[in-house]
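Please read the following briefing alongside the sequence and the coordinates.

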Amino acid sequence: MKQSGSLVCVGTGMTLGAHISPVCRSHIEAADVVFVSVSDALTEQWVSGMNKDVRSLQDLYAEGKSRHQTYREMIDLMMQEVRRGHRVCGAFYGHPGVFAYAPHRVIEVARDEGYQAHMEPGISAEDCLYADLGLDPGRTGCIHYEASQYLLYDRMIDPTALVVLWQIGVVGDRSVSQLVTGMNQRALLAEQLMSVYPSEHEIILYECATLPISRPRMDRIALERFSESEISAETTMVIPALHSPQLNQKVADKFAELAELHTE
Ligand SMILES: C[S@@+](CC[C@H](N)C(=O)[O-])C[C@H]1O[C@@H](n2cnc3c(N)ncnc32)[C@H](O)[C@@H]1O
């Protein structure tokens, strides 16, 4: 039997006031308790205006504290209210399911305990970058990696595809407790990328606008200049394709054969 509490994780989008969907807003408004994890105080204030019981999760983050611990605490706080029989809404910036551990995990925990739980999508940094940079992932294909995972597990990069590297601001932090890492860690990332791309290949340091009055950051620089660039917790690296992919002639011939059979 389903328990009476419920959970929904929603996305508030990236730009304050501009990106939230009607369905996400209505879940925030209808909840008994809203837990909010957004990137700035203004956005938190804006969400607070949508429900009389909005509680911030941002204070759970701290320099030197493992984010694994922070996520456990977030999940515990949300689940305590679900178990009390409340309708709980977790409001996360961007898309709650994109490079975000706690929203996925808390939904699993709630479902395992027999509660109704689901996620509603939001506009993520990924969505914004396609619009701002005029890039279509369908044109070349697109690979997304978390930056430390790319380095640590020697993940493959296809230079004919668009590549997006997330969390470059904390690259190399295995303790998962730093808010930003340094030039030496970024140099390691640049070095690994330069085994795939020429040092002068143009990369884009991207930060979408989080306020309707601000402009996105779209700094185009040579890869070799990356380690000395200013990087924040919000910066995403976008690497346009280096060259076109090679046609597989065997497959092209097969397609032609099949097309002929179809017309006979
Ligand atoms: C924990 S993930 C959260 C992503 C978020 N859930 C989303 O939907 O975009 C944090 C990473 O998202 C990216 N990010 C966050 N804010 C951003 C912004 N304003 N512009 C571009 N990328 C951003 C950065 O790569 C950052 O390291």
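**Briefing on side-chain pairs, domains and surface**

Both tyrosine 145 and tyrosine 150 are buried, where buried stands for under 20% relative accessible area, exposed for over 50% and partly exposed for what lies in between, with a 1.4 Å probe and protein chains only. The model is a predicted one, in which local features need pLDDT of at least 70 and side-chain atom pairs count only at pLDDT 80 or more, while totals for chains, interfaces and linings use all residues. Residues are numbered from 1 along each chain as its sequence is written, and side-chain values rest on heavy atoms, with hydrogens and water left out.

**Aromatic pairs**

- Four aromatic pairs are found in a search of the whole structure; rings of Phe, Tyr and Trp (its six-membered ring) pair if their centres lie within 6.5 Å, and planes under 30 degrees apart count as stacked, over 60 as edge-to-face and the rest as tilted.
- One of these pairs joins tyrosine 61 and tyrosine 71 in an edge-to-face arrangement, with 6.5 Å from centre to centre and 85° between the planes.
- Because tyrosine 61 lies in the loop between strand 3 (54-56) and helix 3 (67-83), and tyrosine 71 in helix 3, this pair ties together parts that are 10 residues apart in sequence; helices (H or I, at least four residues) and strands (E, at least two) are DSSP runs, numbered from the N terminus.
- Tyrosine 61 is partly exposed, at a relative accessible area of 28%, whereas tyrosine 71 is buried, at 16%.
- The pair of tyrosine 145 and tyrosine 150 is stacked, because the ring centres are 6.0 Å apart and the planes stand at 20°.
- Tyr61 and Tyr71 also belong, together with Tyr101, to one aromatic cluster.

**Salt bridges**

- The structure holds 13 salt bridges, each defined as a side-chain nitrogen of Lys or Arg within 4 Å of a carboxyl oxygen of Asp or Glu.
- Glutamate 81 is paired in this way with arginine 84, their closest N and O atoms being 2.5 Å apart; glutamate 81 is buried, with a relative accessible area of 5%, whereas arginine 84 is exposed, with 53%.
- Glu81 and Arg84 are also linked with Asp53 and Arg55 in a network of salt bridges.
- Between glutamate 113 and arginine 83 there is a salt bridge whose closest N and O atoms are 2.9 Å apart; glutamate 113 lies in the loop between helix 4 (101-112) and strand 5 (116-119) and arginine 83 in helix 3, so the pair ties together parts that are 30 residues apart in sequence.
- Glutamate 113 counts as partly exposed at 30% relative accessibility, and arginine 83 is partly exposed with a relative accessible area of 44%.
- Glutamate 202 forms a salt bridge with arginine 220, with 3.3 Å between the closest N and O atoms; this pair links distant parts of the chain, glutamate 202 being in strand 8 (residues 202-207) and arginine 220 in strand 9 (residues 217-222), 18 residues apart.

**Domains**

- The chain is divided into domain 1 (6-119) and domain 2 (125-239), with bounds that come from an automatic or database domain assignment.
- The centres of domain 1 and domain 2, taken over C-alpha atoms, are separated by 26 Å.
- In domain 1, 14 residues are in contact with 18 residues of domain 2, contact meaning heavy atoms within 4.5 Å.

**Helix 9**

- Phenylalanine 255 is placed in helix 9 (residues 249-263) and is exposed, with a relative accessible area of 58%.
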